[in-house]
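Hi,

Here is the structure I said I would pass on.

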Amino acid sequence: MIDRRLKTLILVYLWGALFEDITIFVLAWAAPDVWFRVFHRSVPVGLEVALLRRSGGQWLAFALGQALTLWQWKKRPEWLAVAAGIRLSDLFTDISYLIAAPALTRFGQLLFPIFPILNLVGVIILLKGYRQATS
């Protein structure tokens, strides 16, 4: 049985991550120029929009996995491990973006380093919930 406080943390984390992933998916697809202006103070050229939208597709997949986890995890706790895997993979995409981005605005410099930390915290929370639910 999962501790009540951990259940609350799991719900807060999953809803927050779901909101984040849907928001950045919509931004990547509906307004890629805003992404580049706000985070890079630049205008996208060449394949940058296509690559951002590709990332948007990944964020949509993350959102779907988290939505399924929110729906199923109380009956099927293995979904907590699935969501932990989703967040772990996003941790590595976040770090890759930080390394690869040639320039970030001050806002981007403040915001983007937070995401890998939040993803690591999420992995720990979700796996702890899975462990409690299955022991």
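Let me start with α6, where the buried residues are F115, P116, N119, G122, V123, I125, L126 and G129. Buried here means under 20% relative accessible area, with exposed over 50% and partly exposed in between (1.4 Å probe, protein chains only). Their cover includes α1 (4-30), α4 and α5 (106-111). Helix α6 itself covers residues 114-134, and its 21 residues reach 30 Å from first C-alpha to last, close to the 30 Å expected at 1.5 Å a residue (the expected span being 1.5 Å times one less than the number of residues).

Before you go further: this is a predicted model, with local features needing pLDDT of at least 70 and side-chain atom pairs counted only at pLDDT 80 or more, while totals for chains, interfaces and linings use all residues. Residues are numbered from 1 along each chain as its sequence is written, and side-chain values use heavy atoms, leaving out hydrogens and water.

Now the overall picture. The chain has 6 helices and 0 strands; helices (H or I, at least four residues) and strands (E, at least two) are DSSP runs, numbered from the N terminus. The C-alpha trace spans about 50 × 25 × 20 Å along its principal axes, and 37% of the 135 residues are buried. If contact means heavy atoms within 4.5 Å, then among contacts between residues at least 6 apart in sequence, 74% join residues at least 24 apart.

The aromatics are worth a look. The whole structure has 8 aromatic pairs, counting rings of Phe, Tyr and Trp (its six-membered ring) with centres within 6.5 Å; planes under 30 degrees apart are stacked, over 60 edge-to-face and the rest tilted. F39 and F107 are stacked, at 5.7 Å centre to centre and 10 degrees between the planes. That pair links distant parts of the chain, with F39 in helix α2 (residues 32-40) and F107 in helix α5, 68 residues apart. F39 is buried at 8% relative accessibility, whereas F107 is partly exposed at 44%. F39 also pairs with F112: the centres are 4.8 Å apart and the planes at 55 degrees, so this pair is tilted. Here the partners are 73 residues apart, F112 being in the loop between α5 and α6. F112 is buried too, with a relative accessible area of 8%.

Cheers
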